[in-house]
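Please look through the sequence and the structure shown here before reading the briefing that follows.

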Amino acid sequence: MESPVEVNAEQEAERPAPTAAEPGLSFWAPLAWVAGLTLVSFYPMLERLVTQWMNDDDMGHGFFVPAVSAYIAWQRRQEIVSAERNRNYLGLALMVYAGIQYVLGAVAAELFITRTAIIFSIAGAVLFAGGMKVFRLCAFPIFLLFFMVPIPSVIYNQITFPLQLFASSVAETSLLLLGIPVLRDGNILELAEHKLSVVEACSGIRSLLSLTFLSLVYGFFFEDRGWLRGALLAATIPIAIAANAFRVSMTGVLYEYKSEWAEGFFHTAEGWVIFMFALSMLLSFHRFVLWFIKGVTNAREKAREQSA
């Protein structure tokens with residue numbers, strides 16, 4: 001007959017050992033109340049930000065940024081849950097800084113400072129509740145949130161005007177090569193019967209921001225090598241600029257032969273087609289690099305076999 005001590009020992013052996021990785025109330029409670037306070041504190045700013053997403057064509061991708069960021073964090077949930085967690089009061093200090101930044105931005109009427117304060121607040125909340133290891137796992141989705149905030153007007157103007165001039169210059173050269181007479185004055189193209197103005201909306205900044213965001217997300221899901229992710233990110237700049245210059249050139253051709261196709265719905269549809277073409281170029285660039293790496297690797301293996 002087994003003794004009670006032996007029975008209890010067998011029951012303890014069969015019982016699954018508690019895992020320290022399972023988050024308890026001490027993890028979720030601070031995160032919950034911090035998240036609630038953050039939403040309440042930043043609600044007026046968030047409401048105006050969403051309104052800009054709805055009315056500003058350059059920020060149409062803003063709706064997708066928080067959703068994609070949350071999805072990436074959800075994809076990493078097992079790693080986050082399994083990571084060692086501890087209270088880090090640097091996160092609390094970062095949240096205090098975010099609050100000060102928010103107030104100073106509101107006083108100075110600087111929207112970029114005001115809006116990015118919520119991102120620093122979220123980063124601080126994660127660091128405070130989960131510690132440095134959890135913060136590192138969440139760093140990338142938190143970084144993506146910067147794409148939901150419009151860039152400052154000063155920087156925006158410094159970027160868009162050179163892009164306007166470049167697109168105008170490429171369009172002028174393309175139209176002349178096609179035998180279409182055109183005279184360029186800055187960012188204005190004088191055609192035979194029409195005047196085409198390459199405004200800020202046609203600078204390509206919209207596709208550049210969206211393509212950069214997609215490049216980062218695509219690299220996260222489909223590429224593990226950091227240097228290749230960086231190459232994909234760098235490739236978005238010339239691809240987006242070239243695609244927009246091609247779009248402006250096509251608009252000039254349509255104005256010359258079928259002006260109604262260069263306005264309204266057709267103009268918008270043309271923009272979507274060109275953007276999808278630019279995205280296809282980015283994916284093709286990735287495939288080309290993979291093909292090149294494979295070719296180099298195979299050549300090295302053959303050289304080793306021959307030398308052996």
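Tyr 89 is exposed in this predicted model, because its relative accessible area is 57%, where exposed means over 50%, buried under 20% and partly exposed in between, with a 1.4 Å probe and protein chains only. Residues are numbered from 1 along each chain as its sequence is written, and side-chain values use heavy atoms, with hydrogens and water left out. As the model is predicted, local features need pLDDT of at least 70 and side-chain atom pairs count only at pLDDT 80 or more, while totals for chains, interfaces and linings use all residues.

**Exposed and buried residues**
- Tyr 89 lies in helix α5, which covers residues 89-108; helices (H or I, at least four residues) and strands (E, at least two) are DSSP runs, numbered from the N terminus.
- Leu 282, which belongs to helix α11 (residues 264-307), counts as buried because its relative accessibility is 1%.
- Although 64 residues separate Leu 282 from Tyr 218 along the chain, their C-alpha atoms are 9.9 Å apart.
- Of the 308 residues in the protein, 38% are buried.

**Helix packing and overall pattern**
- Helix α9 (residues 205-222) packs against helix α10 (residues 226-257) at an angle of about 160 degrees, and their axes are 9 Å apart.
- The helices α9 and α10 are therefore roughly antiparallel to each other, a term used for angles over 145 degrees, whereas those under 35 count as roughly parallel, 65 to 115 as roughly perpendicular and the rest as oblique.
- The protein contains 11 helices and 3 strands, and along the sequence they follow the pattern α-α-α-α-α-α-α-α-β-β-β-α-α-α.

Terms used. Axes are lines fitted to C-alpha atoms, for helices over the stretch in contact, and angles run from 0 to 180 degrees between N-to-C directions.
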